[in-house]
Amino acid sequence: GSGNGIDTIIASCFFDFDEVFVTDLLPHILSQIRGNVDKNSCNLPKESTFYLHGRDCEPLPRRVQLIYANLPLIMVPENELGRDLATTTLTDYDAYNHLSTGAGDLLSRWSLLSQLGFLLSAKEKLTENGIVITLIGGRVPYEAIDECFKRAGFRYKPIVTAVKRQSDSQFLKEYADYERKLNGETFAFYEETKVLDIFRKMNLMYHGIVNISDRDLKVILEPAK
């Protein structure tokens, strides 16, 4: 889910890659991604960087050592996939619904079937001892995350916890509506001024990786909820 290519650009500043495959489900944005990466990447090997169209890890032509993903999780029928939303918020319901175990499936309830589908496709493309790095929003309960990786056949561990301001109103609306409909739950927000005050008192950094577990962070931020 390469979006505008910013994850590729940032990765190129921290790692030396021999070969890179940049993929996205939408073929018409690959040229834009390539343009952004060519202009802004640090040390990416342009002659061995390839831009491929397809779902999840299916486009990869061979096994690789590292797979990174930042995926939309809310599933909707294909006819509801608006072009502007498809890159940031929504994914195709029909592509992942077959992974559901039926009514009451924990991964269906928390819209993690697309994450499961990605992990299963990544498993087919990893070298032995290869690694997947994926981002999952803090809105998801831990038992659902455990179930997702278990069904994919992966061992996993949290690497970092990050805090950010979410300014995409459509993103927030899609998640809030989904959870209200399927789980009867109210989407949790945190008031920024209170978060800033809490972080200031604890000498924590805002808008970035925090040196604290996500479980502890939720407890600390409870007064700002």
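## A buried aspartate and its partners

At 3% relative accessibility, D105 counts as buried (buried is under 20% relative accessible area, exposed over 50%, partly exposed in between, using a 1.4 Å probe and protein chains only). Its side chain meets that of R151 in a salt bridge, 2.9 Å from N to O (the term covers a side-chain nitrogen of Lys or Arg within 4 Å of a carboxyl oxygen of Asp or Glu). D105 sits in the loop between β5 (90-92) and α4, while R151 is in helix α6, so the pair ties together parts that are 46 residues apart in sequence. R151 is partly exposed, at 24% relative accessibility. E147 joins in too: D105, E147 and R151 are linked in a network of salt bridges.

A word on the ground rules: this is a predicted model, where local features need pLDDT of at least 70 and side-chain atom pairs count only at pLDDT 80 or more, while totals for chains, interfaces and linings use all residues. Residues are numbered from 1 along each chain as its sequence is written, and side-chain values use heavy atoms, with hydrogens and water left out.

## Helix α6

α6 covers residues 142-152, and Y142, A144, I145, C148, F149 and A152 are buried in it. These residues are on the same side of α6, because they cover an arc of only 165° around the axis (the arc is that of the directions from the helix axis to the C-beta atoms). Helices here are DSSP runs of H or I with at least four residues, strands are runs of E with at least two, and both are numbered from the N terminus.

What lies over that buried side? The cover includes α4 (106-109), α5 (113-123), β6 (126-134) and α9 (214-220). After α6 comes G153, which has a positive phi, near 80°.

## Other salt bridges

Side chains of opposite charge can pair when their charged atoms come close. The structure holds ten salt bridges. One of them joins the side chains of E19 and R62, at 3.0 Å from N to O. This pair links distant parts of the chain, 43 residues apart: E19 is in the loop between α1 (6-14) and β1 (20-24), and R62 in the loop between β2 (49-53) and β3 (64-69). E19 is partly exposed at 35% relative accessibility, and R62 is partly exposed with a relative accessible area of 41%.

D177 and R180 make a salt bridge as well, at 3.1 Å from N to O. Both lie in helix α7 (residues 169-182), three residues apart, about one turn of the helix. D177 is partly exposed, at 31% relative accessibility.

## A greasy patch

I6, I10, F14 and F15 make a nonpolar surface patch of about 440 Å². Patches take residues with over 30% relative accessible area and no salt bridge, joining like charges within 9 Å and nonpolar side chains (Val, Leu, Ile, Met, Phe, Trp, Tyr) within 5 Å. I10 is found in helix α1 and is partly exposed, with a relative accessible area of 41%.

## The whole protein

Zooming out, there are nine helices and eight strands. The radius of gyration is 18 Å, close to the 17 Å that the globule rule gives for 225 residues, so the protein is as compact as a globular protein of that length (the radius is taken over C-alpha atoms, and the rule is 2.2 Å times the number of residues to the power 0.38). Along its principal axes the C-alpha trace spans about 50 × 45 × 35 Å. Of the 225 residues, 40% count as buried.

Note on methods: Contact = heavy atoms within 4.5 Å. Areas by Shrake-Rupley, 256 points an atom, 1.4 Å probe, with all protein chains shown as cover.
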